Amino acid sequence: MAVKFSEETSSGSSNGKKSGDSAFNTKRRNRGLSIVSKKFDIDGDGTLDKYEMLARSLDHQNSGSITPEIVVELLKEQDALRKRQWLLLFGNIIQWLPIIAGAAYTLYKFSERQYQQNVGGKILTSIDYIREGVVSSDEIQSLWELSEGNAYPLTDQQRQDYLRDGFVVLPNFLTGDESQVLDKVVTHNLNEMAFPDLLTKCSRKFHGEYYHSSVTHKFWQQPRISDMLSTLALEGDVPYMVTSEILEMPSGAPCIPQWHWDFLTFPQNFNASFTTGTQIWWSSEEVDSNVGGGLAFLPGSHKWANSVDEGAALHPCFAMNLFEKMSTECTQLLDREMAVPKLSPTDIVVFSRFTLHRSVARNPSVPFKSPTGRRGYTLRVGSARSIFKQDTMQCFPSHPSSQFGRQLKQGQRYDSVIDPKTGKHHSQAIYRPMNEQDSEECLIRDGKGARSMSTSTFLHYSAQSIIRQKIKWKLAKSVEDVVNTVARRKLLDISCKAVPTPDV
């Protein structure tokens, strides 16, 4: 009991001391305020905070209150301050308005053109080009029958060069007049349906171009092109059009300066021979290693991606993502061994979907003749035996055409969509054989519904592209780099990997 009494006494003494100290401190603080100032101690803590002191300073008559005149003056100042704030805000809006409007317009055009290309199914016909004064009917006919229908004189040496290097230049594939007509059509297609390129340094791009132009669609479907591709690059298989694109490159910067493989956007099995996919590239202006502005290729790199073909093996410098930088050693190797072919608008270059390439900067002293830049026109081609796979890469969605119509199923060959009524290739099939020329009537009738995607599919595809490229890859990779750099070891591994999806 003595201990308990002692504790209670001690506790009571302690509480009594604290209570006494609090009362003493309150009295001491109150003694520091005058009678008038106490009237401004709103919270009653015995001191004046900055707002209470400001109110006290306005009591010029020491009456413990603020006169109506002072209140009115304060309201006037507050109103004037509010007006100045609105003027400042308005000035900032005026200053940033051009930038905001430009960004809004760019986003609007980007969305409009993306929707127009992938959902709207707009098709430019020969009548549209003639009505707009772009080209005449005779000029269109010249594109549909290159060199009056004569076959290209392909040589054994060109075939050997392609098999060895993965690319080859075919000079004088078009006549001068034909190349000029093609440039007019390509430029018109850009003007009508291209959108600003937000991923590369190209000024404008138009993916899936031939889906929206009956003139260029039929241009690619002729014996001079299909027979050449079959013999040169596809081991005799029928070539099938996968997609086409136009990239406009300004004089000031190369479109895609990074080394890359285009198999990223080929909706077909990855672990396959390089003879199952190829491409054609045409330039609207003269390009070479001196004036620049063209493409650089790495000879032999078409056998670096897998070990399917004879003499092929996975190379240490093989990188499967367009957005991932190669090592300094690999970049130096590629730049040292690269070849920049000379091309005029009458020439084309054919290169494998596995051939490494990149854009080459234009020589500043020799700018492009066109004020908008050089137009590069690419056709991507698969062989009849190509196996359809909707997504090629885990971090990089295939071209939107893999979402069109969905007549092809995972694991089917490109030539498997047959119309049971006719026994021929179905008129609504996504990828078209190049050895048969479709009629404009067929393209107009069947193209809009078959070679476009629904609005819901478009929104889903767009969201997936953003999630994969910007969040799972780009953002996650940035977080990885920061954390691992600080930790000085691989502590974090969360980003999407640059690897192919499983073949089907």
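1. Over the face of which residue does Arg 224 lie? In this predicted model, Arg 224 lies over the face of Phe 173, at 5.0 Å from the ring centre.

2. As for the chain overall, the protein has 504 residues, of which 48% count as buried, and its secondary structure comprises 13 helices and ten strands. Among contacts with a separation of 6 or more, 78% come from residues 24 or more positions apart. The chain exposes about 25500 Å², and carbon and sulfur atoms supply 56% of that area.

3. Searching the whole structure gives 16 aromatic pairs. One of them joins Phe 219 and Trp 220 in an edge-to-face arrangement, with 4.8 Å centre to centre and 65° between the planes. Phe 219 counts as buried because its relative accessibility is 3%, under the 20% cut-off, and Trp 220, also at 3%, counts as buried.

4. Tyr 414 and Tyr 431 form a tilted pair, 4.9 Å centre to centre with 35° between the planes. Both tyrosines belong to the loop between strand S9 (374-383) and strand S10 (432-433), where they are 17 residues apart, and both Tyr 414 and Tyr 431 are buried.

5. Finally, ring pairs link Trp 261, Phe 263, Phe 270, Phe 318 and Phe 354 into a cluster.

Note on methods:
Residues numbered from 1 in each chain as written. Predicted model: local features only at pLDDT ≥ 70, side-chain atom pairs only at ≥ 80, totals over all residues. Heavy atoms only, no water. Helix = DSSP H or I, 4+ residues; strand = E, 2+ residues; numbered from the N terminus. Buried < 20%, exposed > 50% of the residue type's maximum accessible area, 1.4 Å probe, protein only. Contact = heavy atoms within 4.5 Å. Areas by Shrake-Rupley, 256 points an atom, 1.4 Å probe, with all protein chains shown as cover. Phe/Tyr/Trp six-rings, centres within 6.5 Å; stacked < 30°, edge-to-face > 60°. Lys NZ or Arg CZ within 6 Å of the ring centre and 35° of its normal.
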